[in-house]
Amino acid sequence: MKLLIAGDDTFDDVNLFKEKCDALLVNSTDIEIISGRTTTMDTLTEIYALAEDYPVRVLDYGYQMTEADALIVFWDGKNEKTARTISLAEEHGHKVRIVKY
């Protein structure tokens, strides 16, 4: 599974991030993490991937959604940029898991 983990620019709760990713990925196999290496969320994602021994592929923003199979998104329920990311993922037919905080 090619996984994109996204979220609000202000999200920085490392413990919640790990807890939810662990729970959502518990039965998943062959995980490859997609990162843009540009935001705090990308940093959290890459640290998590390194700790869990998941490979990371760095892609420009425009290619992330076309390459991903699934999305985990951390959303406060208000951020419009994150809402657009969710909509775009759904339009691409990706499995989307939303973690509201």
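Me: Where in the chain does Asp-30 lie?

Reply: Asp-30 sits in the loop between H1 and strand S2 (32-35). The model is a predicted one.

Me: Why is Asp-30 called exposed?

Reply: Its relative accessible area is 68%. Exposed means over 50%, so Asp-30 is classed as exposed.

Me: What makes the phi of Asp-30 worth a remark?

Reply: Asp-30 is not a glycine, and yet its phi is positive, at about 50°. Most residues other than glycine have a negative phi.

Me: Which loop holds Arg-37, and what is its phi near?

Reply: Arg-37 belongs to the loop between S2 and H2. Its phi is near 55°, a positive value in a residue other than glycine.

Me: Why does Arg-37 count as exposed?

Reply: The relative accessible area of Arg-37 is 54%. The class of exposed residues begins over 50%, so Arg-37 falls into it.

Me: How many helices and strands does the chain have, and how do they run from the N terminus on?

Reply: There are four helices and five strands. Their order from the N terminus is β-α-β-α-β-α-β-α-β.

Me: What radius of gyration does the chain have, and why does it agree with a compact globule?

Reply: A compact globule of 101 residues would have a radius of gyration near 13 Å; the chain has 12 Å, so the two agree. Along the principal axes, the C-alpha atoms fill a box of roughly 30 × 30 × 25 Å.

Me: What part of the contacts in the chain joins residues at least 24 apart?

Reply: Counting contacts between residues at least 6 apart in sequence, 72% join residues at least 24 apart.

Me: Why is Ile-34 called buried?

Reply: Buried means under 20% relative accessible area. Ile-34 has 0%, so the term applies. Ile-34 is part of strand S2.

Me: Which residues are in contact with Ile-34?

Reply: Leaving aside neighbours within four places in sequence, Ile-34 is in contact with Lys-2, Leu-3, Leu-4, Ile-5, Arg-57, Leu-59, Gln-64, Glu-67 and Ala-68. Ile-5 is 29 residues from Ile-34 in sequence, with 7.5 Å between their C-alpha atoms.

Me: Which residues of the largest nonpolar core touch the most other members?

Reply: That core has 18 residues, and Leu-3, Ile-5, Phe-17, Ile-72 and Phe-74 touch the most other members. Two or more residues come from each of strand S1 (2-7), helix H1 (14-25), helix H2 (40-52) and strand S4 (70-75). A second, separate core has 12 residues, including Leu-4, Ile-34, Leu-71 and Ala-89.

Me: Why might nonpolar side chains be found together?

Reply: In soluble globular proteins, nonpolar side chains tend to be buried together.

Me: What does Phe-17 touch?

Reply: Not counting residues up to four places away in sequence, Phe-17 touches Ile-5, Phe-11, Met-41, Leu-44, Thr-45, Tyr-48 and Phe-74.

Me: Is Ile-47 buried or exposed?

Reply: Exposed. Its relative accessibility is 55%, and the class requires over 50%. Ile-47 is placed in helix H2. Ile-47 and Val-14 are 33 residues apart in sequence, and their C-alpha atoms are 9.8 Å apart.

Me: What makes Tyr-61 exposed?

Reply: Tyr-61 has 55% relative accessibility, so it counts as exposed. Tyr-61 is in helix H3 (residues 61-67). Between the C-alpha atoms of Tyr-61 and Thr-85 the separation is 11 Å, for residues 24 apart along the chain.

Me: Why is Val-56 called partly exposed?

Reply: Its relative accessible area is 33%. Buried means under 20% and exposed over 50%, with partly exposed in between, so Val-56 is partly exposed.

Me: Where is Val-56 placed, and what does Val-56 touch?

Reply: Val-56 is in strand S3 (residues 56-58). Not counting residues up to four places away in sequence, Val-56 touches Ile-33, Ser-35, Glu-46 and Ala-49.

Me: What percentage of the residues counts as buried, and how many side chains are positive and negative?

Reply: Of the 101 residues, 41% count as buried. The chain has 11 positive and 19 negative side chains, and the centres of the two sets lie 3 Å apart.

How values were computed
Residues are numbered from 1 along each chain as its sequence is written. This is a predicted model: local features need pLDDT of at least 70, side-chain atom pairs count only at pLDDT 80 or more; totals for chains, interfaces and linings use all residues. Side-chain values use heavy atoms; hydrogens and water are left out. The radius of gyration is taken over C-alpha atoms; the globule rule is 2.2 Å times the number of residues to the power 0.38. Buried means under 20% relative accessible area, exposed over 50%, partly exposed in between (1.4 Å probe, protein chains only). Contact means heavy atoms within 4.5 Å. Lys and Arg count as positive and Asp and Glu as negative; His and the chain ends are not counted. The place of a charge is taken as NZ of Lys, CZ of Arg, CG of Asp or CD of Glu. A nonpolar core is a set of buried Ala, Val, Leu, Ile, Met, Phe, Trp, Tyr and Cys residues joined through side-chain atoms within 4.5 Å.
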